[in-house]
Amino acid sequence: MPVIHPLTDQLINQIAAGEVVERPAAALKELLENSLDAQATHIEITLTGGGCKRLQVSDDGIGMAREDLPLAVARHATSKIAAPSDLDAIATLGFRGEALASMAAVSRFSLVSRARSTAHAWRLDVEGGAVGAVEPAALAAGTTVTLDDLYFNTPARRKFLRTEATEWAHCEETFRRIALAYPDVAFLLKHNGREIHRWPGVTRDERVRQVLGEAFAQEARFLGTAAADLQLIGYVVPPTAGSALTKDTAYFFVNGRFVRDRVVLHALREAFRDVLHGGHQPSYALWLTLDARSVDVNVHPQKTEVRFRDSQAIHRFVRQSVERALALPVGIQAVTNNLQHSNVEEERRFPFATRSETTAGVLRTSTYDSTKQAAFSLPVRETAALGGWGPSPFYDKLFGARPSTITESAALSEAAESESAGVPPLGFAIAQLHGIYILAQNHVGLVLVDMHAAHERIVYEQMKEAATTLPSQPLLVPVTLTASALEMATAEAHAETLATLGFELSAVGPTTLAIRCLPAMLRDADAAALLRAVLRDLHECGDTQEISARRNELLATMACHGAVRAHRLLTIPEMNALLRDMERTERGGQCNHGRPTWYQFSLDALDALFMRGK
């Protein structure tokens, strides 16, 4: 007696439903993608009970003819591909031809459609896989698909559904992803008879405001790059963004399809590595466009994963694009910090393309006069050590010897007058607080700077920009230190690496090292403490390849030791030199560990703090 037997079509569809229609949100995704493939410009979604009791999607797309309705619910029947070669360049969101059949097998399913070229609409009902007859129906245009009582005939699957609130949350998130990918399409979402979202077709900027909120729109930095057939457009939020509403917002689209790709996620983590603090996650909304032949979307039943033909090129392109957007100095602001500035042409099928400029954001320089910049800054190589210069004419006037009749408020008034002619983004220093923070005044209000964190970033970026071998500074008197056996062995094993970092060492005893040269940029650092920290990192790195990969981490350690320390008193010109260097330094908003280097307090916020005007 044979033990192998073919499965029935109904059982096959129910098994497929477990993969394709995992929960109501998965069914909603498939229906929305069908509507978009049908060139819909307005889509209405109605949910009841989180989508478990009813899920209905209506669109104004091209619709279907009477003879197409039975085929629409048949397994592996589709209008989107016809030959094996079509799988090499899939340009539609759906193509498998199994979604509607799977949904119809596990629900009370209704399909009503009217083709644009016909005068009448038709209806097809399917209950638990049993297909009914096609009947006349009333519908103005497009297609309406209704799923009632999802999984009513598969109780084992229904038991895996969560509460109504949980399933609704998943459905809303799916809706948000689709709405973000296609901003020129109008969407209406209802749940339990209540209208939740009504979003007309708009530009991408406006859709980002609708979906991700005003806080994200205010904090986000525009990104637009192109290389060969690759285009990446979107918004990244610098880690220093103050609003909690922008945290952990992560949306990445490939040719209009939301994906979670390991290559892309790793590239984004690498791009944020140098500026992200602790366990924080990056925030972004990005649209990647590439040739359909360069990406395989047919690797997952729910099409949330893709495979790139050249994954290394994609990784490099995404990482470098996001790095450049995050690296903009304070003195060069991205125009699209307010999203209305990004005038990107919107296209019907690919609203995420295109921008002719190959640039990491449209840039504008700050408005202050370059002559003032020259008066308050010095070359980077000189300001790194923050060492003694005379006060500039402005500070002679503001803080230097002046008649006793000039009050402090009058001096501040003079500073305000100078600002009206144009002020640097971080303003002008007015004081130092407890030898730790710099207080500066700009056109917005008060700027508070952590001088150690800021100088640490400046030194770090200078080191990264230096040649492969950092320049050395010979010491007039070598510095000796007592080293452990592990430190002695590490210094001997990594002598070549230490030389590229600017160190020259010699063993003058079984447990004694002599430091004869230091990195020139860190000549004022505590030589012994700096070397111990570097040796510790070298020991943890391991082999040479790992050391090369972690070079930036070694430089960050060295920069931390070489930066100006807390409780060091700075003169006003030194403070201003530091502010000007911050404005020119990439990633100047965060220190090497991802902590913020400065905060802006507006006059309105200060007035509210002291209840002025109330």
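Buried means under 20% relative accessible area, exposed means over 50%, and partly exposed covers what's in between (1.4 Å probe, protein chains only). With that in hand, glutamine 39 counts as partly exposed because its relative accessible area is 43%. You're looking at a predicted model, where local features need pLDDT of at least 70, side-chain atom pairs count only at pLDDT 80 or more, and totals for chains, interfaces and linings use all residues. Residues are numbered from 1 along each chain as its sequence is written, and side-chain values use heavy atoms, with hydrogens and water left out.

**The four-stranded sheet**

- Helices (H or I, at least four residues) and strands (E, at least two) are DSSP runs, numbered from the N terminus.
- Four strands form an open sheet in the order β19-β20-β21-β25, and the pairing is antiparallel.
- β19 and β25 each have a single partner strand, so one side of each edge strand has no neighbour in the sheet.
- From one strand to the next, the twist averages 25°.
- In general, strands of a sheet pair through backbone hydrogen bonds, either parallel or antiparallel.
- To count as a pair, two strands need at least two bridges between them, as found by DSSP.
- β20 (residues 437-441) and β21 (residues 445-450) pair over 5 bridges in the antiparallel sense.

- Axes are lines fitted to C-alpha atoms (for helices, over the stretch in contact), and angles between N-to-C directions run from 0 to 180 degrees.
- Helix α15 (residues 451-465) lies across β19, β20 and β21, at about 70° to β21.
- α21 lies across β19, β20, β21 and β25, and runs at about 115° to β19.

**Two buried loop residues**

- Proline 424 sits in the loop between α14 (408-420) and β19 (428-433).
- Proline 424 counts as buried because its relative accessible area is 1%.
- Proline 424 and histidine 443 are 19 residues apart along the chain, and their C-alpha atoms are separated by 8.6 Å.
- Threonine 597 belongs to the loop between α21 (572-584) and β25 (598-602).
- With a relative accessible area of 2%, threonine 597 is buried too.
- Setting aside neighbours within four places in sequence, threonine 597 has contacts (heavy atoms within 4.5 Å) that include Leu448, Val449, Asp450, Met582 and Cys591.

**A helix pair: α6 and α7**

- α6 (residues 164-181) and α7 (residues 204-212) pack at an angle of about 170°, and their axes are 9 Å apart.
- On the α6 side, Arg176, Ala179 and Leu180 meet Arg207, Val208, Val211 and Leu212 of α7.
- The residues of this contact split into 5 nonpolar, no polar and 2 charged.
- Here Ala, Val, Leu, Ile, Met, Phe, Trp, Tyr, Cys and Pro count as nonpolar, Asp, Glu, Lys and Arg as charged, and the others, Gly among them, as polar.

**Positive phi without glycine**

- Glutamine 39 isn't a glycine, yet its phi is positive, at about 65°.
- You'll find glutamine 39 in the loop between α2 (24-37) and β1 (42-48).
- Asparagine 255 also has a positive phi, near 50°, in a residue other than glycine.
- Asparagine 255 lies in the loop between β12 (250-254) and β13 (257-258).
- Asparagine 255 is buried, because its relative accessible area is 15%.
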